[in-house]
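Here is a friendly walk through some charged contacts, with a look at a helix and a surface patch along the way.

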Amino acid sequence: MLRSPALVGLVLTLSLLLARASADDESESRPNILFIYTDDHSHRTVSCYPEAYDWVNTPNIDRLAAGGMRFSYAYIGTWCMPSRATLLTGHHPYGVQSMRMVGTYPGSEYDPEQCPFWPRVFRKNGYQTAQIGKWHTGVDTGYGRDWDYQVVWNRPRYADNAGNYYYEQLIERNGGDPELVEGYSTDNYTNWAEEYIRGENRDPDKPWYLWLCYGAVHGPFTPADRHMDAYPDARVPIPADVYAPRKGKPQYVQDLNLWMKDPAGSGQPVLRSGKVEMASVKPRSGLHGNTIHDWVRQYQQGVLAIDEGVGRLLAALEESGQADNTLIVFTSDQGFAWGQHGFRHKLAPYDATIRSPMIVRWPGRVPEGTVCDTPVGGVDIVPTFFAAASIDLPWEMHGHDLTPLLEDPEYAWPYPVLATLTARKYGRDTDVVPTDPAERDLAGVPWWVSLRHGKYKYIRTLVEGEIEELYDLEADPEELNNLALDADFAGVVRRFRAAQVAELKRTGAGFAGALPDVAPLVP
C-alpha cells in the first residue's frame, strides 16, 4: 500500500514525539537519590532503634524511619576511608585497586582508571551528581569526572587541616582552591545540601544524586554550642566487659586497657588517657568530664545537629515538591564503641564497634514504618542505587540489590554479609596477610574477616593460631558468649568457616587461599 509523503512525514513526527515523551516519562520516573552518610555514628544514637538509651531523642531521623524502612543490622564498613572506598566502587576494600595511603595521614591516592568511581556512570546516564562534606579517598576528588558539583573538605590533600572536623575547615568548591570556612561543619554541610535540593547549582531538568557526607560524630566529638547543655541527666549502663579479662575473646581484645575505675572514687570507668580517638583538635568547650557517662553524653550531643539537618532536608524536599520522587538512604560509615569489649573506637568486628543505623525512605515504593531484621552490608547499597535508577551495573559488584527487601522486609534473603578489616591496605596490596603487627594492626586491631548470616556471626582473626568466634545475636546481642569454644557448635563453626572462604573467593579476595591457621576447636 502506497503512502503519501505527507502521511509518512506525519508518522515520523508522531514517532519522534512519542519517543521523546517516553524518554521524558522515564527521566521523570527515575528518582532523585539523597544519600545521607554520617561518621562513626552508632545505631545506639538513634532513638527509633531499640538499643538506643532511653534518654536519646532524634525526632527527625525517627520521622524518616516512620516514613520508610529501618534496617536492624547494617554493616557498612569498619573505618572511615575503606568504608567510603566501598561506597564509591561497590567493592570490599580488597577489591579497590590502586587505592593506597601515602605521606602524612590521611594522605592517599588512586588511579581513576584502575579505580573508577560509579557516579561517573550516573552522569553519563542523565543524572546530575553532587557530593558535599567530608572527602577521605585520595586527593583527587573527581570533580568534572565523577561529580557535577562538589563542596568538600578534602582531608587527604590538607593533612594539617585534617583534624578540624567541626570548625575552620579548608573547603574546595568544584575542584578549586581551598577556602577557610568558619562555622559549625554539620550546619555548613546542611546549608549547602539544602540549597542544592532547592535548586541551586544544579540542572532542574535532570534527576540528581547527592552524597552528603557529615563529619559528625567523629572525634573530637564536638557538639554545636546550642547543644552543649543537652541530656544533663545522661547515664549509660556500664558494659559487662569494659575491663579485662574478657572471656572468649582473642588476644588483642584481652590486651585492651583503655578504661580504668575512676581514681576519684566514683566507681565509674574513665579513659586512661583522657584523650579522644584520632583527634588532633580539642573541642572548643563542653567537655563534661572523663567518665564513660560524660563521653557518651558528649558523643550523643553531636548527633543532634545531624538530626536537625535531616529535618531541614526533609522540609526542603517537601516544599520543593520532590519528596515523593526522592529515594533517601541514611546510614554511617560504621559505628563506635564506648566501653563495650573494652573499646573506645571502631575497627573491631563487633556490633558495638561497627554496626550502623540504616534507614531507607522512598514514598510509594518502600512500605512505611517497617523494620527489616535481615543483615545487610555497605556493598549492597551501590547496586541498589543502580536498580532504582534503572541503570545497568558498569562492572561486577560485590553486593546485591536490596530491592526485594525494600519491597518486603520479610523476603527470604539468601545472602550472607561479609565484613573485613585490612588496616590501611587495599586491592592487590591485600593479597598476602601481614605477620608483622606494625603492618597488620590498626590501633591495635589486627586484620579480620566476619560473616553474618541469620542469627549467627562468625569472626576469624587473621593471626596465626588465634581462636575463632561465633555469636548467636538473637540470644547474645552483646556478643559475650563465644560459641566457637563450645564443642556443641563445632559443626556450625566449620560450616561458617567454609562459607566465609567461599564468599571471599566469590568476591576475588587474593588472601582467601592463604589464611593463617586458626586454633584447634574444642574436642
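Which residue forms a salt bridge with Glu 503? In this predicted model, the partner is Arg 506, with the closest N and O atoms 2.8 Å apart. The two residues sit 3 residues apart in helix H12, so about one helical turn separates them. Glu 503 counts as buried because its relative accessibility is 10%, whereas Arg 506 is partly exposed at 36%.

A search of the whole structure finds 25 salt bridges. Three of them are set out here.

| Pair | N to O distance |
|---|---|
| Lys 134 and Asp 39 | 2.5 Å |
| Lys 457 and Glu 479 | 2.9 Å |
| Glu 503 and Arg 506 | 2.8 Å |

Lys 134 belongs to strand E5 and Asp 39 to the loop between strand E1 and helix H2, so their bridge ties together parts 95 residues apart in sequence. Lys 134 is buried at 1% relative accessibility, and Asp 39 is buried at 0%.

The bridge between Lys 457 and Glu 479 links strand E18 with the loop between E19 and H12, 22 residues apart. Both residues are buried. They also take part in a network of salt bridges with Glu 51, Asp 351 and Arg 355.

The loop between strand E19 and helix H12 also holds Glu 474, which is exposed at 63% relative accessibility.

Helix H9 (residues 381-388) is mostly covered, with 7 of its 8 residues buried; among them are Phe 385 and Phe 386. Just after H9, Ser 390 adopts a positive phi of about 55°.

Methods:
Residues numbered from 1 in each chain as written. Predicted model: local features only at pLDDT ≥ 70, side-chain atom pairs only at ≥ 80, totals over all residues. Heavy atoms only, no water. Helix = DSSP H or I, 4+ residues; strand = E, 2+ residues; numbered from the N terminus. Buried < 20%, exposed > 50% of the residue type's maximum accessible area, 1.4 Å probe, protein only. Salt bridge = Lys/Arg side-chain N within 4 Å of Asp/Glu carboxyl O.
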